[in-house]
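The sequence and structure come before the text.

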Number of protein chains: 2
Amino acid sequence: MTHNSTNYGVEILCIGTELLLGNILNSNAKWLAIQLASLGLPHYRQTVVGDNSYRLEKALLESSERSQILVTTGGLGPTPDDLTTETIASTFNTSLEERSEILDAIEEKMSLNGSLTAQSNKKQAYFPIGAKIIPNPTGTAPGMIWVPKPNFTIITLPGVPSEMKQMWTETVLPWLNKCGIVKDTYVSKIMRFTNIPESSLSDQIKDLLSNNNPTVAPYAELGEVKLRLTAKAKDSKQANKLLRPIEEALKQRLGDHYYGSDDENMASVILNLLQKKEQTLSVAESCTGGGAGALISSIPGASKVFKGGVIAYSNTIKEKILGVPSDILNSYGAVSSQVAKAMAEGVREQLNTDWAIAITGLAGPEGKTKDKPIGLVHIAVAGPGVCKTITEKFGSHRERVSIQKLSIVRSLDNLRQLLIARV
Amino acid sequence: MTHNSTNYGVEILCIGTELLLGNILNSNAKWLAIQLASLGLPHYRQTVVGDNSYRLEKALLESSERSQILVTTGGLGPTPDDLTTETIASTFNTSLEERSEILDAIEEKMSLNGSLTAQSNKKQAYFPIGAKIIPNPTGTAPGMIWVPKPNFTIITLPGVPSEMKQMWTETVLPWLNKCGIVKDTYVSKIMRFTNIPESSLSDQIKDLLSNNNPTVAPYAELGEVKLRLTAKAKDSKQANKLLRPIEEALKQRLGDHYYGSDDENMASVILNLLQKKEQTLSVAESCTGGGAGALISSIPGASKVFKGGVIAYSNTIKEKILGVPSDILNSYGAVSSQVAKAMAEGVREQLNTDWAIAITGLAGPEGKTKDKPIGLVHIAVAGPGVCKTITEKFGSHRERVSIQKLSIVRSLDNLRQLLIARV
């Protein structure tokens with residue numbers, strides 16, 4: 001240990017009684033920890049305290065003895081239990097001053113939303129003398145970067161994750177890069193794989209998982225496994241040069257299981273493939289109820305490719321709008337590969353698109369029969385001269401929403417496979 | 001503050017470098033926090049440290065000065081970086097002793113899995129002298145309940161959530177109930193409000209926010225504000241009795257803004273209302289792309305009420321499937337209240353449902369015109385003898401997915417208002 005005597009590293013302090021009551025997961029700490037790791041900043045402690053000025057003050061003083069930078073989240077809102085800024089100021093014996101430009105910005109934002117600025121919003125414009133403001137482009141709670149004592153900086157961010165992330169990226173990150181604490185350059189890349197269990201993937205790349213620079217670390221999520229590659233070098237050009245051969249090796253070993261990198265998701269990958277081919281897509285969804293369409297529509301620019309679809313929860317709609325023949329429905333039941341095929345072909349014809357996806361299955365918890373367990377899902381992908389059907393058994397132990405999500409991922413991945421095969 | 005001088009309350013210390021790297025969410029802390037809250041045990045701090053004995057020792061000593069009980073998770077495994085038990089023993093100057101009965105249990109478990117007991121597993125049988133063992137029925141890592149100094153107890157649990165939970169429930173909970181620390185009973189209730197900013201809501205209930213028992217605390221999320229009411233009493237019956245008048249007062253003051261409690265969400269509330277009336281629902285979605293249908297379908301049993309819908313991203317589909325007249329599309333544009341109305345009426349007729357929701361708007365980031373900014377969304381709700389249209393301006397500063405989510409919440413809330421008005 002070389003860092004016992006002087007303040008060192010970055011700590012995270014999350015403020016909110018809702019965390020101590022277990023009402024919410026501390027996803028902010030996880031996100032910030034990833035950011036610190038990607039900057040190569042030493043990060044050895046995370047703390048959670050409630051909305052209580054006495055205990056917040058204690059945590060602030062302790063951290064100021066241990067760390068060089070403290071990042072806080074939460075307690076910047078307009079209500080009386082939001083007391084982060086005022087407690088920080090009083091802990092370090094500093095007065096608050098009104099920043100009129102912030103009050104103006106809050107008033108403007110509230111009026112855009114058709115609201116009046118409440119009396120309680122006014123306190124969000126008070127900051128310790130000397131603090132640098134972190135603007136909050138979407139919410140009413142700005143943060144601050146403030147040096148209350150030598151070799152100790154406090155960075156405050158709101159608890160709302162979207163606001164916190166935007167403020168980090170737009171203001172805190174550039175500040176950290178400039179202030180000299182970031183030494184080496186770390187470049188990370190996420191590679192995304194699907195339709196393979198984490199254990200099989202790990203077995204195939206065991207040698208790479210023990211690599212030193214870049215490091216390769218796996219994370220399993222529902223329907224995908226991510227690998228995070230992190231290279232350390234003197235600049236980002238050198239770091240990228242280290243990443244490239246590992247990336248290539250992973251693509252080669254894992255073939256079609258690799259589907260995208262970084263912020264890509266299955267929907268954005270498919271939209272890109274379709275846009276390059278100038279082809280269009282529609283969906284016919286039963287058990288997913290619109291989730292595939294929603295995922296596709298969440299991507300900016302989706303309308304260039306995605307024309308729409310039919311949520312065919314009831315059999316009547318499958319027949320009437322999608323033209324699924326009633327004898328197929330009667331012979332095989334709504335959850336069958338025959339019906340999935342007819343749904344895909346029906347929506348493709350009705351909506352006049354190049355490609356169509358159909359999903360019909362049992363998401364549970366009710367509805368199982370002797371032959372058809374919860375988790376049974378039939379998928380069909382119809383396209384020019386092709387209609388592929390896939391049967392998935394996701395397992396009856398899974399929750400409804402997980403079965404829905406896996407159905408969507410598998411249907412989109414099968415479309416992806418067909419699109420790639422036709423390049 | 002009355003608890004400054006003596007050790008007080010329960011702290012949680014999660015041990016694992018993977019938490020500091022942001023590899024995993026700290027779901028253990030959330031789960032344990034809920035358990036502590038339900039027992040009414042004061043819980044004022046959570047800490048995370050990595051697999052490092054120096055920093056673990058510091059955290060242990062600090063906590064031993066503040067708290068009466070410390071619950072740790074993680075670091076009980078067989079690998080060299082699992083060092084919780086030995087660090088705790090050395091921090092409080094106590095030797096480890098082998099517990100042969102534990103080694104036997106580990107060997108039995110490993111052989112059941114067809115594995116030999118690795119050398120590294122043996123360390124899992126060593127505990128500080130005097131520690132009470134917490135058996136681990138499914139894994140190889142037992143925990144302990146140990147009193148290293150007067151008025152301070154350490155409870156160690158493994159990091160694997162399923163093992164941790166089972167060990168808590170089977171051993172720790174009975175111990176806590178017996179040891180005399182559990183005094184009062186706490187009952188919490190979440191009340192959910194919509195279509196009102198957190199600041200306005202707070203201003204209307206300022207007096208209740210400073211209430212002592214039950215306490216009332218607000219949390220804002222996208223599209224809703226939650227209030228958490230927590231009552232303390234000698235049993236749950238008394239606690240519920242304390243909650244009731246506050247609940248009633250909140251419902252009275254905030255009227256239709258209140259929409260549900262606890263695990264309810266807007267979709268489940270609507271499905272309940274419709275099921276009581278034996279009425280059915282369909283959706284016609286443009287800019288939300290299926291998200292309203294997906295939210296409704298995420299609720300178990302949705303198919304009793306929800307028949308399906310049309311994702312009408314392209315104008316052709318609005319015309320062809322929903323029967324929106326082309327002259328309306330041409331005169332007013334796809335994003336207009338006229339088109340929303342025609343979509344709602346069209347899908348209601350086509351799918352033969354009692355109620356229908358339609359959403360058409362600009363979710364961005366592309367597509368704005370001089371008259372129609374990003375964030376402009378038209379909603380229509382059609383039902384027996386009624387078709388209400390609503391225009392929302394969510395603001396062009398918002399992200400696409402936020403605009404989509406707000407559109408869904410507002411459309412469902414408007415349906416809710418109409419359903420309530422007809423009780």
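How many salt bridges are there between chain A and chain B? The count is six.

## The interface

The model is predicted. One of the salt bridges between the chains joins the side chains of A:Glu366 and B:Lys304, with an N to O distance of 3.5 Å. Polar contacts across the interface of chain A and chain B come to 27 residue pairs, both residues at pLDDT 80 or more. On the side of chain A that touches chain B, strand 14 (residues 306–312) of chain A gives the most, with seven residues. That side of chain A has 34 nonpolar, 31 polar and 16 charged residues.

In total, 81 residues from chain A and 78 residues from chain B take part in the contact. The two chains bury about 6,400 Å² between them, and 57% of this lies on carbon and sulfur atoms.

## Strand pairing between the chains

Strand 14 of chain A runs antiparallel to strand 14 (residues 306–312) of chain B, and five bridges join them. In this pairing, A:Val310 stands opposite B:Val310.

## A sheet in chain B

Chain B holds an open sheet of four strands in the order 10-11-9-12, with antiparallel pairing. Strand 10 (215–221) and strand 12 (258–261) of chain B each have a single partner strand, so one side of each is left without a neighbour in the sheet. From one strand to the next, the twist averages 25 degrees.

Strand 10 of chain B is joined by seven bridges to strand 11 (residues 224–233) of chain B, and the two run antiparallel. Within this pairing, B:Tyr219 has B:Lys226 in strand 11 of chain B as its bridge partner.

Key:
Residues numbered from 1 in each chain as written. Chains lettered and ligands numbered in written order. Predicted model: local features only at pLDDT ≥ 70, side-chain atom pairs only at ≥ 80, totals over all residues. Heavy atoms only, no water. Pairing = 2+ DSSP bridges. Axes fitted to C-alpha atoms, helices over the stretch in contact; angles between N-to-C directions. Contact = heavy atoms within 4.5 Å. Buried area = accessible area lost by both parts, 1.4 Å probe. Salt bridge = Lys/Arg side-chain N within 4 Å of Asp/Glu carboxyl O. Polar contact = N/O pair within 3.5 Å; in protein donor to acceptor, adjacent residues only side chain to side chain. Nonpolar A, V, L, I, M, F, W, Y, C, P; charged D, E, K, R; others polar.
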